[in-house]
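Here are my notes on the model, point by point. Please read them with the coordinates open.

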Amino acid sequence: MTFPFPVDASLSLIEPLLIVCGVGILLLLLDLVLPHGQKHLTAWVALGGLGWALIRTLAQWGLSERGYAGMVSLDNLSTLFNVVFLCSTAIVVLLSMAFLKREEVEHAEYHALLLFATSGMMMLASGLDLITLFLGIEVLSISLYILAGYRRNSDASNEAAMKYFLLGAFASGILLYGIALVYGATGTTSLHRIGEAIAGVGAPVPEGLIYAGMSLILVGLAFKVAAVPFHMWTPDVYQGAPTPITAFLSAGPKAAAFAAFLRVFFIAFGPAQAEWDMVLGVIAVLTMTVGNIAAIAQTNVKRMLAYSSIAHSGYVLIGLVSGGLVGGTGAVFYLMAYVAMNLGAFGIVVLLESKADRGEELKDYAGIGFKYPLIGALLSLFMLSLSGIPPTVGFVGKLYLFGTAVQTGHVWLAVFGVLNSAISVFYYLRLLVLMYMRESQETLPAIRIPLAMAVVLTVAAVGTLWPGLFPNTWFHAAQESVRSIFS
Amino acid sequence: MTEIILFSLFALTAVTCALGVVFHKNPVHCALLLVAVLLSLAGLFIMLHAQFIAALQVIVYAGAIMVLFLFVLMLLNVRRHEDVLTPGAAKGFGFLFALIVFVELLWVALSPGGGEQGSVGAPAALPQEFGSPAAIGRILYTTWLYPFEITSILLLVAVVGAVLLARRKFVG
Amino acid sequence: MSLQLLWLVPILPLLGALLNGLGAGRLPRKVVSAIGVGSVGAALVIALGCFATLLGMPGEERFFAQTLFSWIDSGDLSVAVRLGLDPLSAVMMLVVTGVGFLIHVYSTGYMNHEKDYGRYFSYLNLFTFCMLMLVLADNFLVMFFGWEGVGLCSYLLIGFWYTKPSAAEAGKKAFIVNRIGDWGFLIGIFLLFVTFGSLDFGRVFTEAPSILPLGGGMATAIALFLFVGATGKSAQIPLYTWLPDAMEGPTPVSALIHAATMVTAGVYMIARCHVLYALAPTALLVVAVVGAATAVYAATIGLVQKDIKRVLAYSTVSQLGYMFLAMGVSAFAAGIFHLMTHAFFKALLFLGAGSVIHALSGEQDMDRMGGLKKHLPRTHATMLIATLAIAGIFPFAGFFSKDEILWKAFSNGGPILWAAGVIGAFLTAFYMFRLYFMTFHGSERLTPEAKGHLHESPNSMTIPLMLLAVLSLIGGLIQVPLLQGGQRLDAFLEPVFADLARVGGAAAHGAAAAAGHGAAHAAHDPGQEIALMLVSLAIALAGIYVAHRFYVKDPQAPHRLAARARGWYDLLWNKYWVDEIYDARIVQPIVRLSNRLWKDVDAAVVDGAVNGIGRKIEQGAGWLRLAQTGYVQLYALILTVGLVVVFGYLALR
Amino acid sequence: MSTIAVPLAAYQILAGALFTIGVVGVLVRRSALIVFMSIELMLNAVNLSFVAFSRQHGSMDGHIFVFFVMAVAAAEVAIGLAILIAIFRKRETANVDDVHLLKG
C-alpha cells in the first residue's frame with residue numbers, strides 16, 4: 001500500500017524548531033547520565049542548542065515558503081520572531097545560572113522546559129492555522145505553568161503556578177470555543193481561507209457565528225498578551241514566579257502571543273478590521289492606562305514591572321489597531337525594543353535579589369546607585385528606555401508607534417499613548433530617585449557580577465542604546481517581516 | 001423520530017449531570033457525574049457519525065482522564081464538610097455573567113445567519129467512510145501531520161512537568 | 001572658518017561629558033575642570049568662527065545644513081540627524097556656548113568644595129550638548145531629542161544634591177511637569193508628520209502656507225499643541241510651578257539652565273515655527289495672552305519672596321512671559337532679542353546671587369543679608385548693572401529689548417497687552433531693586449557664622465561676572481531703535497523671518513485682527529515710539545524710587561504705619577508722610593495681593609492642581625489594587641465580564 | 001439516516017449550555033478539583049460543537065480537532081493535578097480561594 005505522504009512536509013522548513021525540540025529531549029536524556037552536582041552543565045548544552053538554532057534561523061532570513069498542508073509558514077515574520085525567541089531564551093538561560101545555584105534547584109528539566117517553551121513560541125510565530133496556533137499556545141503555556149511553579153518549596157511560586165494554570169486553562173477553553181465557531185462558520189481553520197471567506201470569496205458565511213468566534217478568539221489571545229481586562233493573572237504570576245522565569249514570561253511568550261495576534265487579526269480577520277478596530281482600540285487604551293496607573297502604587301519591583309509589561313502590551317496593541325504594513329511594523333519594532341530593555345531590567349532585578357525573595361522591594365533599591373555605579377547606570381538606562389526617553393530604543397519605538405496611529409487616523413490612540421507614557425515616567429523615575437537620592441537603610445554588600453550576567457547586561461544595554469541611535473536595521477527587519485505576511 | 005428521542009435523552013442527561021458536577025457536594029460524585037456527561041456526549045458523537053471519536057471519548061476521557069481525577073481525589077482525601085461554593089458577592093455575579101454568556105451564545109445560535117441550517121447550508125452528504133478510524137487516520141497522518149507531531153511534544157512536556165512538580169523531593 | 005566644522009560644536013561638549021562621566025571620581029579636579037571648561041570653550045571658538053563665516057556671506061545665503069547620519073529611514077518616515085545653521089540658530093548657538101562657557105568657568109570656583117566635582121561637570125557638559133542639539137536641529141525629531149535631553153539633564157542637576165529630600169523632589173517635579181508639556185509637543189509633531197509627511201524644517205515651513213489654510217483648524221491645533229510643549233519647558237502658566245522649585249539645584253545650574261538657556265527653548269521653538277503660528281492667529285493670541293498674564297502674575301509673586309534665588313526664579317518666569325508676549329504679537333525678532341539680553345543679565349544676576357550665597361556660606365534669605373556693598377565690591381557693581389538692565393534703564397541691554405517688545409505689543413497687539421507689559425515693568429523694577437537694596441544696602445543682618453568668613457569670591461567667579469556685566473551693559477546696542485542702520489539684529493535675523501511675507505502679511509496683522517484692534521500700526525511712527533519709551537522708562541524709574549524709599553531710606557516705614565494715628569501735627573511734620581501714603585495705598589495692597597497670589601493661587605490652585613492630578617492618579621492606583629484581591633475566581637469573573645462585553649459588541653449588533 | 005431530524009442549532013445550544021455550566025463551575029466552586037472538572041466540561045462542549053460542525057460541513061477536520069483537544073485536555077489535567085498536589089503538600093488545602101498570598 002502506498003502511503004500518500006504530503007509532499008510539502010519538508011524538514012528544513014521547521015529546522016530551528018526541530019533543533020530546539022531535539023536539544024530539549026537530549027537534555028532530558030543527559031539528566032540520566034550526569035552525576036549529581038554536574039547538572040548545571042545542562043545550561044551550556046541548552047545554550048549550544050539555542051546558538052545552533054539561531055545560526056540556522058539567521059540563514060533562513062529572506063526565505064518564504066509554506067508547508068505541511070499550508071499550516072506552517074516560513075517567512076520573515078517567523079524568522080524574525082524566532083531570532084527574538086532564541087535570543088531571549090538564551091538570555092534567560094544565562095540569567096538563571098546564578099539563581100539556580102543560589103536556590104539549589106539545578107535540574108536538567110528546567111532547561112528542557114525552557115527549550116520546549118521556546119519551541120511553542122516558534123509554533124506560534126509560524127502557524128497559519130488556528131489549530132496549529134492553539135497547540136503552540138498549549139505547548140508554550142503548559143511549559144510556563146510548570147516553570148512558574150518551579151520553586152516547589154515556595155508558597156508564592158506554587159500560588160503563581162496555580163493561578164496561571166487555572167486562568168490559562170479557562171482562557172484556552174474560551175479560545176477553543178472561538179475556533180470551533182469560526183470553523184463552523186467557514187468550514188476551515190486555515191487563516192488564509194478564513195480571510196477569504198470573510199472577504200466574501202465564495203459562498204456567504206454566517207456573520208453572527210464569525211463575529212462570535214472572533215470575539216472569543218480575541219479574548220483568548222488578549223489573555224495571553226495580558227491586555228486589560230484579561231490581565232488579572234499577570235501581577236500575581238510575575239511576582240510569584242522565580243525571577244528568571246518572570247523575565248522569560250515578560251519577553252518571549254509575550255512576543256509570541258503578539259505574533260499570533262498579528263497573524264490572526266491581519267490575515268484571518270483582516271478583511272473585517274472595521275469591526276474589531278474599535279474594540280481593540282478601547283482595549284489598548286484600557287491596557288495602557290490600567291497598567292501604568294496600577295504600577296504607581298506598587299512597592300514590589302517584580303510587581304511593578306508586571307504592570308509595566310501590561311502597559312507595554314497596550315502600546316503594542318496600538319500598532320495592531322493601526323493595522324497594515326505601518327502598524328504591524330510599529331508593533332513588531334516595539335516588541336523587539338521592549339524585549340531588549342525589559343530583559344535588561346529583569347537582569348538587574350535578578351542580580352540584586354538574594355535568597356528567599358529578599359531584595360525585591362522598592363526600598364531595597366535605596367542608595368544602590370552610589371554603591372554600584374555600573375549597575376545603577378544600567379538600570380537607569382533601562383528605566384529611561386522603558387519610559388521612552390531619547391536616545392533609547394524605547395523612544396524610537398514609541399515615536400514610530402504613535403506616529404503610525406496618527407497616520408492611520410487613530411489620533412485618539414496616540415493622545416492616550418503619549419499621555420500614558422507621561423504617567424509612566426512617574427514610577428520609572430521613582431526607582432531612579434530611590435537609587436540615587438536616598439541613602440540605603442543597611443550597609444550593602446559588595447556584588448560581583450558573574451560573567452553570564454555581564455553578558456546579559458551588555459547585550460541588553462547594547463540592544464537598548466544602539467537601535468535608539470541607529471534604528472534602521474531593526475526597522476527594516478520589522479518592516480520586511482510584516483511585509484512578508486501580506487505577500 | 002428515534003433520533004430526536006435519542007438526542008433529547010442524551011442532551012438531558014448531559015445537562016443534568018453537568019449541573020450535578022458543578023453543584024454536588026461530594027467530589028467523588030462530581031467525578032462520576034462528569035463520567036456520565038462524557039458518556040452521553042459519546043452517544044451524541046455516534047449520532048453525528050463520529051464513531052472513532054466516540055470510542056476515543058470513552059477510552060481516553062472517561063477511561064484515562066477520569067481515573068486520574070479519581071486517583072488524585074483519593075490521594076488528597078479532601079475533607080467533605082466545607083462550603084461548596086465560594087463565599088461573598090462574587091458568587092452572585094458569577095451566576096449573573098455566566099447567564100449572560102449563555103444568552104449571548106443562544107442568541108448567536110438562533111439568530112438568522114447563525115446556527116440555522118439554511119444559512120450555514122444544508123448538511124453535506126457524507127462519504128462512505130465518514131468518521132471511521134481509517135479515514136481519520138488517513139488525514140491525521142497526512143494533512144494534520146504537523147499538529148499531530150506537536151501533540152507529542154505537548155504530552156512529553158506534560159509528563160516531565162507532572163513528574164517535576166508532583167514528586168516528593170528533588171533528587172540531589 | 002569652514003562651516004563644515006559645525007558638527008564639532010555639539011560634539012565637543014558630548015565628548016567632555018563622556019570623559020568626565022567615565023572618569024568620575026578618578027580624575028583629579030584640575031583635569032576635570034580642563035575637560036569641562038575646555039570642551040565648551042573650544043565649542044565657543046568654533047561657534048564664533050562659524051558665526052563670522054556666516055556674517056561674511058550674503059544675507060540671503062546664510063543657510064547651512066550638515067547631515068551627520070541617517071537616523072530613521074523606514075520608507076514613510078525618514079529622519080536624518082542633521083544640523084542647520086541660519087541666523088536664528090546662530091544667535092542661539094552663541095548664547096548657549098558663550099553664556100555656557102562663562103558659567104562653566106564660574107563653576108570651577110563655585111563648586112570647588114564639591115565632592116562630586118566630576119559628575120557635576122559631566123552633567124553640565126551633557127546639558128550643553130543637548131541644548132546645542134536642540135538649537136541646531138534641522139528637523140523636529142532631532143529638536144525633540146535635544147528637548148528631552150535638556151529636561152533630563154535639568155532633572156539630574158536640580159537633584160544634584162540628592163541628599164536633600166527637597167532637591168530630589170524638586171528634580172522629580174521638574175521632570176514630570178516637563179513631560180506633561182512634552183506630550184503636547186509630541187502630538188504636535190505627529191500632526192505635522194501626518195500633514196506634511198516629513199519633519200524637516202525646510203519642507204514643513206516651505207510647504208505650510210500652501211498646505212494649511214490661514215486660520216484653519218489643523219494649523220491652530222498644531223500651533224497650540226506645540227505651545228503646550230513650550231509652556232512646559234519655558235515655565236508659563238499653568239506649567240511654571242517647577243521652575244521656582246528648581247532653585248534647589250546649584251546656583252550656576254540655575255543660571256545656565258533655569259535662566260539663560262533651557263527655559264528659553266520654548267521661545268526659540270515658537271520663533272522657529274513662526275510660519276505655523278502666522279497661519280494660526282488664534283494660537284498667536286493665546287500665546288500673547290498667556291505670555292502677558294505670566295509676565296504680570298509671576299512679577300507680582302516675586303514681590304514678597306525672601307529667598308534671593310526664588311525672587312530671581314519668579315523674575316525669570318515673568319521675563320519669559322515677555323518673550324512669549326513678543327512671539328504672540330508676531331515680534332519674533334524682538335522676542336529673540338530679549339531672549340539674548342535676558343540670558344546676559346539673568347545669568348549675571350544668578351551668578352551674582354551665587355557669589356553672595358557663596359560669600360555667606362550658603363545663606364539665601366535676604367532678611368539675613370544687607371550692607372554687603374563694601375564686602376563684595378565686584379559682585380555689587382556687576383549686580384547693580386544687571387539690576388539696571390533687567391529694570392529696563394537706558395542704556396542697559398534690557399532697556400532696548402524690553403522697549404521693543406512693549407512697542408510691538410502696543411502697535412501689533414493693542415493697549416491692553418501693552419498695559420500688562422508696563423505693569424510688569426513697574427513691578428520688575430520694584431522687586432529687583434528691592435532685592436538689590438536688601439542685599440547690598442542697609443544694615444548688616446548677617447548671622448554670626450556667615451559674618452565669620454565673609455569674603456569676595458575668587459577670580460574664577462568674578463571674571464565671568466564682569467564679562468557678563470559688559471554684555472549686559474552694551475548687549476542692547478546691537479539693536480538701537482530709531483537709528484538708521486541701528487537695527488543690526490533685526491537685519492541679521494531678517495532672512496529667517498522673511499518667509500512671513502508669504503503668509504500674506506497675516507503675521508503682522510493676525511494677532512491684532514484677532515484681538516479686535518483692526519488698525520494695526522504697521523507704519524513706523526517714531527513719535528509714538530519715543531513716547532512709549534519715555535512712559536516705560538518713567539515707570540521703571542518710579543519702581544526704583546519706591547523700592548529705594550522703602551528699603552533704603554526708611555526700612556522702618558511699614559512698622560511706623562501703626563503709629564499713623566498720632567495726629568495731624570505729627571503727620572504734617574513727618575517728612576515721610578508721602579511714603580506712608582504710598583505705602584498704605586500702593587505698596588501694601590500690592591504686597592497683600594502678591595502674598596495672596598503666592599499663597600493661594602500659586603501654592604494652592606496651580607501647584608495644587610498639578611499635585612492633585614498626581615494624587616488622583618495615585619488614588620486610582622489604590623482602587624486598582626483593591627480589585628487585585630488575590631482571589632483567582634474574581635480574576636476569572638472579571639475576564640468573563642470582559643468576554644461578555646466584547647462578545648456583545650462584536651457579535652450582537 | 002440521510003435526513004437529519006435534529007438540527008445543527010440544537011447541538012449548538014446544547015454545546016453552549018454545557019460551556020456555560022462549565023463557566024459557572026469555574027466561577028463559583030471552591031474546590032480546585034471541581035474547577036478542573038468544570039474546565040473539562042467547557043472543553044467537551046467545544047468538542048461537541050466541533051463534531052456537530054464537522055457533520056454539517058461533511059469534513060472530518062472537526063474530528064481531528066477533537067482528537068487534539070483530548071490530547072490537550074490530558075496534558076492540562078496532568079499538570080493541573082500536579083500543581084494541586086504540590087500545593088496540597090505544603091498548605092493542606094485543595095480550595096482555590098485559600099490561595100491568595102499574592103495580591104495588590
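1. Salt bridges first. Counted over all chains, the structure holds 25 salt bridges. Bear in mind that this is a predicted model. Side chains of opposite charge can pair when their charged atoms come close.

2. A:Lys163 forms a salt bridge with A:Glu159. Their closest N and O atoms are 2.7 Å apart. Both residues belong to helix H6 (residues 155–186) of chain A. They sit four residues apart, about one turn of the helix.

3. Two packed helices are described by the angle between their axes and the distance between the axes. Helix H2 (residues 27–47) of chain B and helix H2 (residues 32–57) of chain D have axes that come within 11 Å. The crossing angle is roughly 5°. H2(B) is therefore roughly parallel to H2(D). From H2(B), the contact residues include B:Pro27, B:Cys30, B:Leu34, B:Leu41 and B:Phe45. From H2(D), they include D:Ile34, D:Met37, D:Glu40, D:Asn44 and D:Val51. By class, this contact has 14 nonpolar, two polar and one charged residues.

4. Chains C and D also pair through helices. The axes of helix H27 (residues 632–651) of chain C and helix H1 (residues 8–28) of chain D come within 8 Å. They cross at roughly 140°. Are H27(C) and H1(D) parallel or oblique to each other? Angles over 145 degrees would count as roughly antiparallel. At roughly 140°, H27(C) and H1(D) are therefore oblique.

5. H27(C) supplies C:Gln633, C:Ala636, C:Leu637 and C:Thr640. H1(D) supplies D:Val23, D:Val26, D:Leu27 and D:Val28. The contact of H27(C) with H1(D) divides into six nonpolar, two polar and no charged residues.

6. Look at the surface of chain A. A:Ile25, A:Leu29, A:Leu32 and A:Val33 form a nonpolar patch there. Together they have about 420 Å² of accessible area. A:Leu29 is placed in helix H1 (residues 15–33) of chain A.

7. Now the backbone. Most residues other than glycine have a negative phi, and most peptide bonds are trans.

   - A:Pro390 and A:Pro391 are joined by a cis peptide bond, with omega about 5°. A:Pro391 is in the loop between helix H16 (373–386) and helix H17 (393–407) of chain A.
   - The bond from C:Ile237 to C:Pro238 is cis, with omega near 0°. C:Pro238 falls in the loop between helix H8 (217–233) and helix H9 (242–245) of chain C.
   - A:Ala69 is not a glycine, yet its phi is positive, about 55°. A:Ala69 is in the loop between strand S1 (65–67) and strand S2 (72–74) of chain A.

8. Last, a loop residue in chain C. Where is C:Thr447 found? C:Thr447 lies in the loop between helix H18 (415–440) and helix H19 (448–452). Leaving aside neighbours within four places in sequence, C:Thr447 is in contact with C:Glu363 and C:Arg368. C:Thr447 and C:Val105 are 342 residues apart in sequence. In space, C-alpha to C-alpha, they are 29 Å apart.

Definitions and conventions
Residues numbered from 1 in each chain as written. Chains lettered and ligands numbered in written order. Predicted model: local features only at pLDDT ≥ 70, side-chain atom pairs only at ≥ 80, totals over all residues. Heavy atoms only, no water. Axes fitted to C-alpha atoms, helices over the stretch in contact; angles between N-to-C directions. Helix = DSSP H or I, 4+ residues; strand = E, 2+ residues; numbered from the N terminus. Parallel < 35°, antiparallel > 145°, perpendicular 65-115°, else oblique. Contact = heavy atoms within 4.5 Å. Nonpolar A, V, L, I, M, F, W, Y, C, P; charged D, E, K, R; others polar. Patch = residues over 30% accessible without salt bridge, like charges linked within 9 Å, V, L, I, M, F, W, Y side chains within 5 Å. Areas by Shrake-Rupley, 256 points an atom, 1.4 Å probe, with all protein chains shown as cover. Salt bridge = Lys/Arg side-chain N within 4 Å of Asp/Glu carboxyl O.
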